[in-house]
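Here is a short briefing for a first look at this structure. Keep the 3D view open and follow the points one by one.

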Amino acid sequence: MFKKVLIANRGEIALRVIRTCKEMGIKTVAIYSTADRDSLHVRFADEAVCIGPPASAQSYLNIPGIMAAVEITNADAIHPGYGFLAENADFAEICAQSDVKFIGPTPEHIRKMGDKVTAKETMIAANVPVVPGSDGLIKDLKEAETVCKEVGYPVMLKATAGGGGKGMRVVFDPKDLESQLTAAQQEAKAAFGNDGMYVEKFVEEPRHIEIQIAGDQYGNVCHLSERECSIQRRHQKLVEESPSPFLDEDLRKRMGDAAINAGKAINYEGVGTVEFLVDKHRNFYFMEMNTRIQVEHTVTEEVIDHDLIREQIKIAAGEKISGDNYYPMMHAIECRINAEDPFNDFRPCPGKITSFHSSKGHGVRVDTHVYAGYTIPPYYDSMIAKLICRAQTRKECIEKMRRALDEFIVEGVKTTVPFHQQLMDDEKFLSGNFTTKFLETFELKKPKPE
Ligand code: MV4
(Lines give C-alpha, C1' and ligand atoms only; values in the text may rest on other atoms or scores of the structure.)
Protein backbone atom coordinates (compact mmCIF):
# COMPACT_ATOMS: atom_id res chain seq x y z
CA MET A 1 0.00 0.00 0.00
CA PHE A 2 1.06 3.61 -0.55
CA LYS A 3 2.77 5.42 2.30
CA LYS A 4 2.06 8.98 1.24
CA VAL A 5 -0.44 10.37 -1.27
CA LEU A 6 -0.21 13.86 -2.74
CA ILE A 7 -3.62 15.27 -3.64
CA ALA A 8 -3.32 17.37 -6.80
CA ASN A 9 -6.61 19.18 -6.24
CA ARG A 10 -8.50 21.55 -3.95
CA GLY A 11 -11.91 22.00 -2.36
CA GLU A 12 -14.26 19.29 -1.22
CA ILE A 13 -12.69 16.51 -3.31
CA ALA A 14 -9.23 17.14 -1.83
CA LEU A 15 -10.77 16.87 1.62
CA ARG A 16 -12.74 13.78 0.57
CA VAL A 17 -9.51 12.01 -0.51
CA ILE A 18 -7.65 13.09 2.65
CA ARG A 19 -10.39 11.56 4.81
CA THR A 20 -10.13 8.12 3.20
CA CYS A 21 -6.31 8.18 3.23
CA LYS A 22 -6.42 8.92 6.94
CA GLU A 23 -8.75 5.97 7.54
CA MET A 24 -6.35 3.76 5.55
CA GLY A 25 -3.28 4.91 7.50
CA ILE A 26 -1.83 6.72 4.47
CA LYS A 27 -0.07 10.08 4.98
CA THR A 28 -1.33 12.98 2.87
CA VAL A 29 0.20 15.99 1.16
CA ALA A 30 -2.01 18.91 0.13
CA ILE A 31 -0.96 21.37 -2.54
CA TYR A 32 -2.54 24.81 -2.57
CA SER A 33 -2.49 28.12 -4.36
CA THR A 34 -2.03 31.35 -2.42
CA ALA A 35 -5.81 31.89 -2.75
CA ASP A 36 -6.46 28.63 -0.83
CA ARG A 37 -4.22 29.15 2.23
CA ASP A 38 -7.25 28.97 4.54
CA SER A 39 -8.96 26.02 2.89
CA LEU A 40 -9.73 22.96 5.01
CA HIS A 41 -7.80 20.61 2.71
CA VAL A 42 -4.64 22.48 3.72
CA ARG A 43 -5.51 22.22 7.41
CA PHE A 44 -6.44 18.52 7.39
CA ALA A 45 -3.52 17.16 5.34
CA ASP A 46 -0.40 15.95 7.13
CA GLU A 47 1.74 18.27 5.00
CA ALA A 48 0.93 21.13 2.66
CA VAL A 49 2.96 22.72 -0.11
CA CYS A 50 2.14 26.10 -1.63
CA ILE A 51 2.28 25.56 -5.36
CA GLY A 52 1.83 29.04 -6.83
CA PRO A 53 -0.45 32.01 -7.39
CA PRO A 54 -4.27 31.75 -7.69
CA ALA A 55 -4.53 31.17 -11.47
CA SER A 56 -5.06 27.42 -12.07
CA ALA A 57 -2.47 27.38 -14.86
CA GLN A 58 0.17 28.39 -12.35
CA SER A 59 -1.03 26.25 -9.44
CA TYR A 60 -3.33 23.22 -9.77
CA LEU A 61 -2.35 22.72 -13.42
CA ASN A 62 1.35 23.43 -12.88
CA ILE A 63 2.87 20.00 -13.58
CA PRO A 64 6.54 20.88 -12.88
CA GLY A 65 5.49 22.51 -9.58
CA ILE A 66 3.44 19.46 -8.58
CA MET A 67 6.28 17.07 -9.45
CA ALA A 68 8.63 19.23 -7.33
CA ALA A 69 6.17 18.93 -4.42
CA VAL A 70 6.17 15.14 -4.88
CA GLU A 71 9.96 15.18 -4.80
CA ILE A 72 10.34 17.25 -1.63
CA THR A 73 7.63 15.40 0.30
CA ASN A 74 8.58 11.94 -0.95
CA ALA A 75 4.99 11.04 -1.89
CA ASP A 76 4.63 7.68 -3.64
CA ALA A 77 1.26 8.34 -5.30
CA ILE A 78 -0.85 11.21 -6.65
CA HIS A 79 -4.62 11.46 -6.43
CA PRO A 80 -5.84 13.90 -9.11
CA GLY A 81 -9.48 14.25 -7.92
CA TYR A 82 -11.77 15.55 -10.70
CA GLY A 83 -11.18 18.44 -13.09
CA PHE A 84 -7.70 19.99 -13.29
CA LEU A 85 -5.25 17.19 -14.26
CA ALA A 86 -7.56 14.21 -13.67
CA GLU A 87 -7.92 13.42 -17.38
CA ASN A 88 -4.58 14.73 -18.59
CA ALA A 89 -2.80 11.79 -20.24
CA ASP A 90 0.53 13.63 -20.36
CA PHE A 91 0.40 14.16 -16.61
CA ALA A 92 -0.39 10.45 -16.00
CA GLU A 93 2.56 9.61 -18.24
CA ILE A 94 4.93 11.94 -16.37
CA CYS A 95 3.84 10.31 -13.11
CA ALA A 96 4.67 6.86 -14.52
CA GLN A 97 8.08 8.06 -15.71
CA SER A 98 8.76 9.60 -12.29
CA ASP A 99 7.86 6.37 -10.49
CA VAL A 100 4.91 7.90 -8.64
CA LYS A 101 1.60 6.08 -8.99
CA PHE A 102 -1.16 8.09 -10.66
CA ILE A 103 -4.33 6.95 -8.87
CA GLY A 104 -6.42 6.53 -11.98
CA PRO A 105 -6.31 4.75 -15.32
CA THR A 106 -3.31 4.51 -17.65
CA PRO A 107 -2.36 7.33 -20.06
CA GLU A 108 -3.60 5.08 -22.89
CA HIS A 109 -7.07 4.77 -21.31
CA ILE A 110 -7.29 8.53 -20.88
CA ARG A 111 -6.18 9.21 -24.48
CA LYS A 112 -8.50 6.62 -25.97
CA MET A 113 -11.59 7.90 -24.19
CA GLY A 114 -10.58 11.56 -24.53
CA ASP A 115 -10.80 11.30 -28.30
CA LYS A 116 -14.52 10.77 -28.90
CA VAL A 117 -14.22 9.17 -32.35
CA THR A 118 -11.68 6.65 -31.04
CA ALA A 119 -13.88 6.03 -27.99
CA LYS A 120 -16.90 5.41 -30.21
CA GLU A 121 -14.99 3.02 -32.48
CA THR A 122 -13.81 1.13 -29.39
CA MET A 123 -17.41 0.84 -28.18
CA ILE A 124 -18.67 -0.43 -31.54
CA ALA A 125 -16.00 -3.15 -31.42
CA ALA A 126 -17.10 -4.03 -27.86
CA ASN A 127 -20.78 -4.38 -28.85
CA VAL A 128 -21.86 -1.33 -26.87
CA PRO A 129 -24.77 0.48 -28.57
CA VAL A 130 -23.84 3.85 -30.11
CA VAL A 131 -25.88 6.54 -31.86
CA PRO A 132 -26.01 5.94 -35.65
CA GLY A 133 -23.83 8.39 -37.53
CA SER A 134 -20.68 8.94 -39.54
CA ASP A 135 -18.07 6.23 -39.77
CA GLY A 136 -15.39 8.14 -37.87
CA LEU A 137 -14.32 11.69 -38.71
CA ILE A 138 -15.94 13.54 -41.59
CA LYS A 139 -13.48 14.78 -44.20
CA ASP A 140 -15.40 17.70 -45.66
CA LEU A 141 -18.79 19.34 -46.17
CA LYS A 142 -19.62 17.02 -49.04
CA GLU A 143 -19.17 13.91 -46.90
CA ALA A 144 -21.11 15.57 -44.05
CA GLU A 145 -24.01 16.22 -46.44
CA THR A 146 -24.08 12.60 -47.58
CA VAL A 147 -23.91 11.19 -44.04
CA CYS A 148 -26.56 13.58 -42.66
CA LYS A 149 -28.93 12.66 -45.46
CA GLU A 150 -28.35 8.96 -44.72
CA VAL A 151 -28.93 9.14 -40.96
CA GLY A 152 -31.75 11.66 -41.42
CA TYR A 153 -32.23 15.10 -39.88
CA PRO A 154 -32.07 16.34 -37.19
CA VAL A 155 -28.39 15.56 -36.71
CA MET A 156 -25.76 16.53 -34.22
CA LEU A 157 -22.28 17.68 -35.18
CA LYS A 158 -19.72 16.83 -32.52
CA ALA A 159 -16.04 17.60 -32.01
CA THR A 160 -13.87 14.52 -31.50
CA ALA A 161 -11.87 16.46 -28.89
CA GLY A 162 -15.10 17.74 -27.31
CA GLY A 163 -17.18 16.69 -24.35
CA GLY A 164 -19.33 18.64 -21.99
CA GLY A 165 -21.06 20.40 -24.86
CA LYS A 166 -18.28 22.39 -26.54
CA GLY A 167 -17.96 22.18 -30.31
CA MET A 168 -21.42 20.68 -30.63
CA ARG A 169 -24.30 21.78 -32.90
CA VAL A 170 -27.77 20.44 -33.73
CA VAL A 171 -28.85 20.81 -37.34
CA PHE A 172 -32.55 20.51 -38.17
CA ASP A 173 -32.44 21.74 -41.77
CA PRO A 174 -29.90 20.72 -44.46
CA LYS A 175 -29.56 24.37 -45.51
CA ASP A 176 -27.96 25.15 -42.12
CA LEU A 177 -25.39 22.35 -42.28
CA GLU A 178 -22.56 24.35 -43.80
CA SER A 179 -22.78 27.29 -41.40
CA GLN A 180 -23.22 25.08 -38.33
CA LEU A 181 -20.31 22.85 -39.33
CA THR A 182 -18.07 25.88 -39.75
CA ALA A 183 -19.17 27.33 -36.40
CA ALA A 184 -18.66 24.06 -34.53
CA GLN A 185 -15.25 23.54 -36.15
CA GLN A 186 -14.13 27.04 -35.20
CA GLU A 187 -15.28 26.54 -31.63
CA ALA A 188 -13.49 23.19 -31.40
CA LYS A 189 -10.30 24.59 -32.92
CA ALA A 190 -10.26 27.46 -30.42
CA ALA A 191 -11.11 25.29 -27.40
CA PHE A 192 -9.10 22.14 -28.12
CA GLY A 193 -6.72 22.95 -30.97
CA ASN A 194 -8.43 20.14 -32.90
CA ASP A 195 -11.29 20.68 -35.36
CA GLY A 196 -12.00 17.03 -36.18
CA MET A 197 -15.78 16.51 -36.37
CA TYR A 198 -18.19 13.60 -36.54
CA VAL A 199 -21.93 13.30 -37.11
CA GLU A 200 -24.68 11.57 -35.14
CA LYS A 201 -28.43 11.29 -35.39
CA PHE A 202 -29.88 13.77 -32.88
CA VAL A 203 -31.53 11.96 -29.99
CA GLU A 204 -34.45 14.18 -28.95
CA GLU A 205 -35.20 14.79 -25.28
CA PRO A 206 -32.82 12.15 -23.94
CA ARG A 207 -32.10 11.25 -20.38
CA HIS A 208 -28.52 11.27 -19.15
CA ILE A 209 -27.95 8.08 -17.20
CA GLU A 210 -24.45 6.91 -16.34
CA ILE A 211 -23.07 3.63 -15.05
CA GLN A 212 -20.27 3.58 -12.50
CA ILE A 213 -17.71 0.87 -13.16
CA ALA A 214 -14.52 -0.37 -11.51
CA GLY A 215 -11.75 -2.43 -13.07
CA ASP A 216 -8.58 -3.87 -11.55
CA GLN A 217 -5.11 -4.59 -12.93
CA TYR A 218 -6.08 -8.23 -13.62
CA GLY A 219 -8.87 -7.65 -16.15
CA ASN A 220 -11.81 -7.88 -13.73
CA VAL A 221 -14.51 -5.26 -14.35
CA CYS A 222 -17.74 -4.79 -12.41
CA HIS A 223 -20.50 -2.19 -12.37
CA LEU A 224 -21.84 -0.28 -9.39
CA SER A 225 -25.20 0.61 -10.92
CA GLU A 226 -26.45 3.88 -12.35
CA ARG A 227 -26.83 7.55 -11.58
CA GLU A 228 -29.62 9.65 -13.06
CA CYS A 229 -28.03 12.94 -14.15
CA SER A 230 -30.72 14.55 -16.32
CA ILE A 231 -31.12 17.60 -14.05
CA GLN A 232 -28.49 19.77 -15.74
CA ARG A 233 -28.18 23.37 -16.85
CA ARG A 234 -25.79 24.30 -19.65
CA HIS A 235 -23.99 20.97 -19.22
CA GLN A 236 -23.55 21.53 -15.49
CA LYS A 237 -25.20 18.89 -13.35
CA LEU A 238 -27.17 20.28 -10.42
CA VAL A 239 -28.85 17.18 -9.01
CA GLU A 240 -27.95 13.51 -9.31
CA GLU A 241 -29.71 10.48 -7.92
CA SER A 242 -29.61 6.72 -7.73
CA PRO A 243 -31.42 4.59 -8.63
CA SER A 244 -32.78 6.32 -11.74
CA PRO A 245 -36.58 6.60 -11.57
CA PHE A 246 -36.58 5.53 -15.24
CA LEU A 247 -34.70 2.22 -15.05
CA ASP A 248 -36.27 -1.13 -14.40
CA GLU A 249 -34.37 -4.28 -13.55
CA ASP A 250 -34.07 -5.35 -17.18
CA LEU A 251 -32.71 -2.01 -18.46
CA ARG A 252 -30.37 -1.70 -15.48
CA LYS A 253 -28.96 -5.13 -16.30
CA ARG A 254 -28.55 -4.38 -20.01
CA MET A 255 -26.88 -1.02 -19.40
CA GLY A 256 -24.69 -2.55 -16.70
CA ASP A 257 -23.60 -5.32 -19.08
CA ALA A 258 -22.84 -2.75 -21.78
CA ALA A 259 -20.74 -0.68 -19.35
CA ILE A 260 -18.81 -3.80 -18.30
CA ASN A 261 -18.21 -4.65 -21.97
CA ALA A 262 -16.89 -1.11 -22.44
CA GLY A 263 -14.50 -1.48 -19.50
CA LYS A 264 -13.36 -4.97 -20.48
CA ALA A 265 -12.70 -3.90 -24.06
CA ILE A 266 -9.95 -1.56 -22.89
CA ASN A 267 -8.84 -3.54 -19.82
CA TYR A 268 -9.94 -0.56 -17.76
CA GLU A 269 -8.10 0.02 -14.51
CA GLY A 270 -9.59 2.21 -11.78
CA VAL A 271 -13.06 3.65 -11.28
CA GLY A 272 -14.77 5.19 -14.26
CA THR A 273 -18.16 6.12 -15.64
CA VAL A 274 -19.84 5.15 -18.86
CA GLU A 275 -22.35 7.85 -19.84
CA PHE A 276 -25.43 6.92 -21.85
CA LEU A 277 -28.17 8.81 -23.63
CA VAL A 278 -31.49 7.04 -23.06
CA ASP A 279 -34.46 7.83 -25.30
CA LYS A 280 -38.15 7.56 -24.48
CA HIS A 281 -38.32 4.11 -26.06
CA ARG A 282 -35.67 2.91 -23.57
CA ASN A 283 -33.00 2.65 -26.26
CA PHE A 284 -29.64 3.55 -24.79
CA TYR A 285 -26.52 4.77 -26.54
CA PHE A 286 -22.92 5.26 -25.43
CA MET A 287 -22.11 8.95 -25.10
CA GLU A 288 -18.75 9.32 -23.33
CA MET A 289 -16.58 7.58 -20.81
CA ASN A 290 -15.16 9.54 -17.87
CA THR A 291 -11.85 8.16 -16.67
CA ARG A 292 -11.96 9.89 -13.28
CA ILE A 293 -13.79 9.90 -9.98
CA GLN A 294 -16.76 12.23 -10.48
CA VAL A 295 -18.40 14.85 -8.29
CA GLU A 296 -21.47 12.64 -7.96
CA HIS A 297 -19.63 9.46 -6.89
CA THR A 298 -21.11 10.12 -3.43
CA VAL A 299 -24.60 9.14 -4.63
CA THR A 300 -23.29 5.69 -5.53
CA GLU A 301 -21.40 5.45 -2.24
CA GLU A 302 -24.63 6.06 -0.36
CA VAL A 303 -26.76 3.50 -2.22
CA ILE A 304 -24.23 0.66 -2.29
CA ASP A 305 -22.56 1.59 1.03
CA HIS A 306 -18.98 1.47 -0.28
CA ASP A 307 -16.18 4.05 -0.20
CA LEU A 308 -15.23 4.60 -3.88
CA ILE A 309 -12.05 6.51 -3.03
CA ARG A 310 -10.88 3.52 -0.99
CA GLU A 311 -11.67 1.26 -3.96
CA GLN A 312 -9.71 3.60 -6.23
CA ILE A 313 -6.66 3.54 -3.96
CA LYS A 314 -6.80 -0.24 -3.49
CA ILE A 315 -7.02 -0.81 -7.26
CA ALA A 316 -4.06 1.54 -7.86
CA ALA A 317 -2.06 -0.34 -5.24
CA GLY A 318 -2.65 -3.57 -7.16
CA GLU A 319 -5.43 -5.19 -5.15
CA LYS A 320 -8.02 -7.39 -6.87
CA ILE A 321 -11.69 -6.44 -6.93
CA SER A 322 -14.29 -9.07 -6.05
CA GLY A 323 -15.80 -8.88 -9.53
CA ASP A 324 -19.37 -8.72 -8.18
CA ASN A 325 -21.75 -6.06 -9.41
CA TYR A 326 -23.46 -3.82 -6.88
CA TYR A 327 -27.12 -2.77 -6.81
CA PRO A 328 -28.80 0.12 -4.98
CA MET A 329 -30.00 -0.81 -1.49
CA MET A 330 -31.35 2.68 -0.78
CA HIS A 331 -32.33 5.84 -2.64
CA ALA A 332 -29.91 8.77 -2.64
CA ILE A 333 -30.12 12.30 -4.05
CA GLU A 334 -27.34 14.86 -4.25
CA CYS A 335 -27.93 18.61 -4.49
CA ARG A 336 -24.91 20.64 -5.55
CA ILE A 337 -24.76 23.77 -3.44
CA ASN A 338 -23.03 26.41 -5.56
CA ALA A 339 -22.17 29.97 -4.60
CA GLU A 340 -24.34 31.28 -7.43
CA ASP A 341 -27.45 33.42 -7.65
CA PRO A 342 -30.22 31.21 -9.07
CA PHE A 343 -32.41 34.32 -9.56
CA ASN A 344 -29.75 36.00 -11.66
CA ASP A 345 -28.86 33.41 -14.31
CA PHE A 346 -26.82 31.40 -11.79
CA ARG A 347 -24.13 34.07 -11.74
CA PRO A 348 -21.16 33.11 -9.51
CA CYS A 349 -21.10 34.83 -6.10
CA PRO A 350 -17.62 34.56 -4.59
CA GLY A 351 -16.95 36.32 -1.28
CA LYS A 352 -16.94 35.83 2.44
CA ILE A 353 -19.29 33.36 4.12
CA THR A 354 -20.36 35.19 7.26
CA SER A 355 -22.47 32.41 8.71
CA PHE A 356 -22.64 28.71 7.88
CA HIS A 357 -24.68 25.86 9.23
CA SER A 358 -24.72 22.54 7.43
CA SER A 359 -27.64 20.14 7.62
CA LYS A 360 -27.28 17.16 9.91
CA GLY A 361 -29.25 14.19 11.12
CA HIS A 362 -30.07 10.66 10.02
CA GLY A 363 -29.41 9.96 6.34
CA VAL A 364 -27.84 13.36 5.67
CA ARG A 365 -24.29 13.81 4.37
CA VAL A 366 -22.55 17.08 3.56
CA ASP A 367 -19.20 17.11 1.77
CA THR A 368 -17.67 20.58 1.94
CA HIS A 369 -14.44 22.46 2.42
CA VAL A 370 -16.07 25.70 3.59
CA TYR A 371 -16.98 27.07 7.03
CA ALA A 372 -18.15 30.33 8.64
CA GLY A 373 -15.55 33.01 7.96
CA TYR A 374 -14.23 31.29 4.80
CA THR A 375 -13.80 33.44 1.71
CA ILE A 376 -14.77 31.77 -1.58
CA PRO A 377 -12.09 32.74 -4.10
CA PRO A 378 -13.29 33.87 -7.55
CA TYR A 379 -10.73 31.78 -9.47
CA TYR A 380 -12.22 28.29 -9.33
CA ASP A 381 -15.61 26.63 -9.74
CA SER A 382 -18.44 27.76 -7.54
CA MET A 383 -19.47 24.50 -5.87
CA ILE A 384 -19.14 24.96 -2.11
CA ALA A 385 -20.89 21.84 -0.83
CA LYS A 386 -22.65 18.65 -1.81
CA LEU A 387 -25.74 17.80 0.17
CA ILE A 388 -26.57 14.11 -0.11
CA CYS A 389 -29.61 12.46 1.46
CA ARG A 390 -30.49 8.82 1.54
CA ALA A 391 -33.61 6.92 2.55
CA GLN A 392 -35.46 3.72 1.78
CA THR A 393 -37.57 5.20 -1.02
CA ARG A 394 -37.35 8.12 -3.46
CA LYS A 395 -40.33 9.77 -1.76
CA GLU A 396 -38.74 9.61 1.68
CA CYS A 397 -35.44 10.76 0.24
CA ILE A 398 -37.08 13.87 -1.23
CA GLU A 399 -38.84 14.52 2.10
CA LYS A 400 -35.51 14.29 3.86
CA MET A 401 -33.87 16.56 1.28
CA ARG A 402 -36.55 19.23 1.84
CA ARG A 403 -35.86 19.12 5.56
CA ALA A 404 -32.08 19.15 5.02
CA LEU A 405 -32.30 22.13 2.61
CA ASP A 406 -34.37 24.02 5.20
CA GLU A 407 -31.57 23.74 7.73
CA PHE A 408 -28.72 24.45 5.29
CA ILE A 409 -27.83 28.04 6.13
CA VAL A 410 -25.29 30.14 4.27
CA GLU A 411 -25.02 33.89 4.82
CA GLY A 412 -22.79 36.38 3.04
CA VAL A 413 -23.08 34.84 -0.42
CA LYS A 414 -26.01 33.67 -2.53
CA THR A 415 -26.37 29.93 -3.11
CA THR A 416 -28.40 27.45 -5.14
CA VAL A 417 -30.31 26.30 -2.02
CA PRO A 418 -33.55 28.14 -3.04
CA PHE A 419 -33.37 26.49 -6.48
CA HIS A 420 -33.16 23.04 -4.91
CA GLN A 421 -36.02 23.85 -2.52
CA GLN A 422 -38.31 24.70 -5.42
CA LEU A 423 -37.14 21.68 -7.40
CA MET A 424 -38.04 19.36 -4.50
CA ASP A 425 -41.62 20.65 -4.76
CA ASP A 426 -41.88 20.47 -8.54
CA GLU A 427 -44.46 18.02 -9.82
CA LYS A 428 -42.42 16.91 -12.79
CA PHE A 429 -39.38 16.25 -10.62
CA LEU A 430 -41.54 14.40 -8.11
CA SER A 431 -43.01 12.23 -10.88
CA GLY A 432 -39.52 11.15 -11.93
CA ASN A 433 -40.58 11.72 -15.51
CA PHE A 434 -38.05 14.30 -16.76
CA THR A 435 -35.30 14.57 -19.39
CA THR A 436 -32.18 16.69 -19.97
CA LYS A 437 -34.53 19.40 -21.33
CA PHE A 438 -36.31 19.73 -17.98
CA LEU A 439 -34.43 22.76 -16.62
CA GLU A 440 -34.87 24.71 -19.88
CA THR A 441 -38.53 25.19 -18.99
CA PHE A 442 -38.29 25.05 -15.19
CA GLU A 443 -39.57 28.35 -13.85
CA LEU A 444 -38.00 29.55 -10.66
CA LYS A 445 -40.40 31.68 -8.62
CA LYS A 446 -38.81 34.93 -7.45
CA PRO A 447 -38.80 35.34 -3.70
CA LYS A 448 -41.02 38.11 -2.36
CA PRO A 449 -39.07 41.32 -1.80
CA GLU A 450 -38.71 42.08 1.92
C1 MV4 B 1 -26.20 14.18 -27.90
C2 MV4 B 1 -27.52 14.64 -27.70
C3 MV4 B 1 -28.48 14.20 -28.59
N4 MV4 B 1 -28.16 13.39 -29.61
N5 MV4 B 1 -25.95 13.34 -28.94
C6 MV4 B 1 -24.19 16.82 -24.44
C7 MV4 B 1 -22.79 16.81 -23.97
C8 MV4 B 1 -22.07 15.79 -24.73
N9 MV4 B 1 -21.49 14.88 -23.81
C10 MV4 B 1 -23.08 15.12 -25.58
N11 MV4 B 1 -24.34 15.76 -25.37
C12 MV4 B 1 -25.43 15.41 -26.09
N13 MV4 B 1 -25.21 14.55 -27.09
C14 MV4 B 1 -26.90 12.98 -29.76
N15 MV4 B 1 -26.59 12.18 -30.79
C16 MV4 B 1 -27.77 15.51 -26.65
C17 MV4 B 1 -26.73 15.92 -25.85
C18 MV4 B 1 -27.08 16.83 -24.80
C19 MV4 B 1 -27.05 16.47 -23.45
C20 MV4 B 1 -26.65 15.21 -23.03
C21 MV4 B 1 -26.62 14.88 -21.71
C22 MV4 B 1 -27.00 15.79 -20.76
C23 MV4 B 1 -27.41 17.03 -21.12
C24 MV4 B 1 -27.44 17.40 -22.46
C25 MV4 B 1 -27.86 18.68 -22.84
C26 MV4 B 1 -27.85 19.02 -24.15
C27 MV4 B 1 -27.46 18.12 -25.14
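**Loops, a helix and a ligand site**

Arg-282 sits in the loop between β12 (270-278) and β13. The model is a predicted one.

- Arg-282 is not a glycine, yet its phi is positive, about 70°.
- The side of the story told by accessibility: Arg-282 is partly exposed, with a relative accessible area of 31%.
- Asp-305, also a residue other than glycine, has a positive phi near 60°.
- Asp-305 belongs to the loop between α10 (297-304) and α11 (308-316).
- With a relative accessible area of 52%, Asp-305 is exposed, since exposed means over 50%.

**Cis peptide bonds**
- Tyr-153 and Pro-154 are joined by a cis peptide bond, with omega about -5°.
- Pro-154 is in the loop between α7 and β6.
- Ser-242 and Pro-243 are also linked by a cis peptide bond, and omega is about -5°.
- Pro-243 is in the loop between β11 (236-242) and α9 (249-265).

**Helix α7**
- Helix α7 spans residues 141-151, and its buried residues are Glu-143, Ala-144, Val-147, Cys-148 and Val-151.
- Down the axis of α7, these buried residues fall within an arc of 130°, so they line one face of the helix.
- An α-helix has 3.6 residues a turn, so residues three or four places apart point the same way.
- The face turned away from the buried side carries the exposed residues Lys-142, Lys-149 and Glu-150.
- The buried residues of α7 pack against β6 (155-163), α8 (177-192) and β8 (197-201).
- Gly-152 follows α7, and its phi is positive, near 90°.

**The ligand site**
- The ligand is surrounded by 17 residues. The closest are Lys-158, Glu-200, Lys-201, Val-203 and Glu-288.
- The shell divides into 7 nonpolar, 6 polar and 4 charged residues.
- β6, β8 and β13 (284-290) each supply at least two residues of this shell.
- In the side chain of Lys-158, an N or O atom is 2.9 Å from a nitrogen atom of the ligand.
- Glu-200 places a polar side-chain atom 2.8 Å from a ligand nitrogen atom.
- Lys-201 takes part through its backbone: an N or O atom there lies 2.8 Å from a nitrogen atom of the ligand.
- On its own the ligand has 520 Å² of accessible area, and the protein covers 88% of that.

Technical notes: Residues numbered from 1 in each chain as written. Predicted model: local features only at pLDDT ≥ 70, side-chain atom pairs only at ≥ 80, totals over all residues. Heavy atoms only, no water. Buried < 20%, exposed > 50% of the residue type's maximum accessible area, 1.4 Å probe, protein only. Helix = DSSP H or I, 4+ residues; strand = E, 2+ residues; numbered from the N terminus. Arc of directions from axis to C-beta. Contact = heavy atoms within 4.5 Å. Near = heavy atom within 4 Å. Polar contact = N/O pair within 3.5 Å; in protein donor to acceptor, adjacent residues only side chain to side chain. Areas by Shrake-Rupley, 256 points an atom, 1.4 Å probe, with all protein chains shown as cover. Nonpolar A, V, L, I, M, F, W, Y, C, P; charged D, E, K, R; others polar.
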